[in-house]
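Colleague: I would like to go through some of the labels attached to this model and hear what each one rests on. Can we take them one at a time?

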Amino acid sequence: MKRVYMDHAGTTPVRREVLEAMLPYFTERFGNASTIYSYGREAKSAIEEAREKVAHLIGADPREVFFTAGGTESDNWAIRGIAHANKEKGKHIITSSIEHHAVLHTCEDLEKEGFKVTYLPVDKYGLVKVEDVINAITDETILVTIMHANNEIGTIEPIAEIGKALKKLDRKIYFHTDAVQTVGKIPVNVDELGVDLLSISAHKIYGPKGVGALYIRKGTKIKPFMTGGAQENKRRAGTENVPGIVGFGKAAELAEKELMEQYEKLSYLRDKLIKGIMERIPHVILNGHPTQRLPHNVNVCFKYIEGESLLLNLDMKGICASSGSACTSGSLEPSHVLLAIGLPHEIAHGSLRLTLGRDNTEEDVDYVLEVLPGIVEKLRSMSPLFPSKGGN
């Protein structure tokens, strides 16, 4: 049976070049980077080389890049670190209603500590309005955190425009963006975006799981997320994950080198997949902005069916995808993102996210377009909600 992986927004396979770069640091180059003898110096040098590669990918100074255990930790550190370090200036945070749960749940936790959080609405495409951000600012606002692109529907947010607007204010408000879905997929430059903090994860760009980074602009007042040793310039304690960091660096290097080539390839496959789905299957909605979206993201809702059933049937045909529905996690609620863009519950439950990657081919897209219509038709034939004739 043909196997097609289209969940690259969930995770990516580790590239062979990345694995080969990592392997020596599990064995003969196993030193603790905090030691001063040769094994340790070797590990430390490898970490700093990786830091330079990650920094170069986002246009940052290497001294502003701090390694973490992944995007979730980076988001937590950015938000909690700024909140706790600046609470004497105010206790108000602005975010959006479609953020990753690493941001939303962190903000909810801070509300329990007495912080106030404004959750901005989005339009039908999932876009945050710059004026809504500015209008939400109060004398207590210390942080704005808006994702660079949405992980479900792929909409790219106007981060640079928000950054410019914040810089025009007569006081400092820190600006964080979760760029886990964009780094290595589209050009990302911290100065052009105007952000003070930016979160990255290695396993979204063909690096290993369990390693990420937080960009912290020089002069940013932020508390350490983990205390203990003096690692990461006393900002993030704990023995460094040297193999993971080395792999992250290699993945960043390759992502930067191949970015535009992959952007063009994936955009073409994405557009072909969207066009094929919309032409071959009735009663379908494209979620996210039609053009201002990630090059590898396709997110649609099929009326009259459940996303979970759709995923299981696709899996039986060898196709790996994901759904915006939270059914598989035991929740009866559909995606908060799809609800935020105005979809009713019954339609949001029928979502499908297909995210392409560097190994996907035009033949993979053709296979999905061959298999998907029949699955949708079969599931609808069993649905009591599907009209036998006509329909909306």
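Colleague: In which hand does helix 3 pass helix 4?

Modeller: The crossing of helix 3 past helix 4 is right-handed. Bear in mind throughout that this is a predicted model.

Colleague: What makes helix 3 roughly parallel to helix 4?

Modeller: The axes of helix 3 (residues 71–85) and helix 4 (residues 101–112) cross at roughly 30° and come within 9 Å. Angles under 35 degrees count as roughly parallel, so helix 3 is roughly parallel to helix 4.

Colleague: Which residues meet there, in helix 3 and in helix 4?

Modeller: From helix 3 they are Thr72, Asp75, Asn76, Ile79, Arg80, Ala83 and His84, and from helix 4 Ala102, Val103, Thr106, Cys107, Asp109 and Leu110. By class, this contact has six nonpolar, four polar and three charged residues.

Colleague: Ser74 lies in helix 3 too. Why is Ser74 called buried?

Modeller: The relative accessibility of Ser74 is 0%. The label buried needs a value under 20%, and Ser74 therefore counts as buried. Setting aside residues up to four places away in sequence, Ser74 touches Thr68, Ser199, Ile200, Ala213 and Leu214.

Colleague: And how do you know that helix 9 and helix 13 are roughly parallel?

Modeller: Helix 9 (residues 242–280) and helix 13 (residues 362–381) pack at an angle of about 20°, and their axes are 10 Å apart. With the limit at under 35 degrees, the two helices are therefore roughly parallel to each other. Helix 9 passes helix 13 in a right-handed crossing.

Colleague: What does helix 9 bring to its meeting with helix 13?

Modeller: Helix 9 brings Tyr268, Leu269, Lys272, Leu273, Gly276, Ile277 and Arg280. The residues they meet in helix 13 include Glu362, Val365, Asp366 and Val368. By class, the contact has nine nonpolar, one polar and five charged residues.

Colleague: Where is Thr182, and why is Thr182 called buried?

Modeller: Thr182 is in the loop between strand 6 (174–178) and helix 7 (190–193). Its relative accessible area is 0%; the cut-off is under 20%, so Thr182 is buried.

Colleague: What joins the side chains of Thr182 and His148?

Modeller: A polar contact of 2.8 Å joins them, and the distance limit for such a pair is 3.5 Å. Leaving aside neighbours within four places in sequence, Thr182 is in contact with His148, Ala149, Val188 and Leu294.

Colleague: Asp7 is in the loop between strand 1 (4–5) and helix 1 (16–22). What makes Asp7 buried?

Modeller: Asp7 has a relative accessible area of 15%. The limit is under 20%, so Asp7 is buried.

Colleague: Why is Lys204 called buried?

Modeller: Lys204 has a relative accessible area of 11%. Buried means under 20%, so the label applies to Lys204. Lys204 lies in the loop between strand 7 (197–201) and strand 8 (212–216), and its side chain reaches the backbone oxygen of Ala9 at 2.8 Å.

Note on methods: Residues numbered from 1 in each chain as written. Predicted model: local features only at pLDDT ≥ 70, side-chain atom pairs only at ≥ 80, totals over all residues. Heavy atoms only, no water. Helix = DSSP H or I, 4+ residues; strand = E, 2+ residues; numbered from the N terminus. Buried < 20%, exposed > 50% of the residue type's maximum accessible area, 1.4 Å probe, protein only. Polar contact = N/O pair within 3.5 Å; in protein donor to acceptor, adjacent residues only side chain to side chain. Contact = heavy atoms within 4.5 Å. Axes fitted to C-alpha atoms, helices over the stretch in contact; angles between N-to-C directions. Parallel < 35°, antiparallel > 145°, perpendicular 65-115°, else oblique. Left-handed = near helix turned anticlockwise from the far one by under 90°. Nonpolar A, V, L, I, M, F, W, Y, C, P; charged D, E, K, R; others polar.
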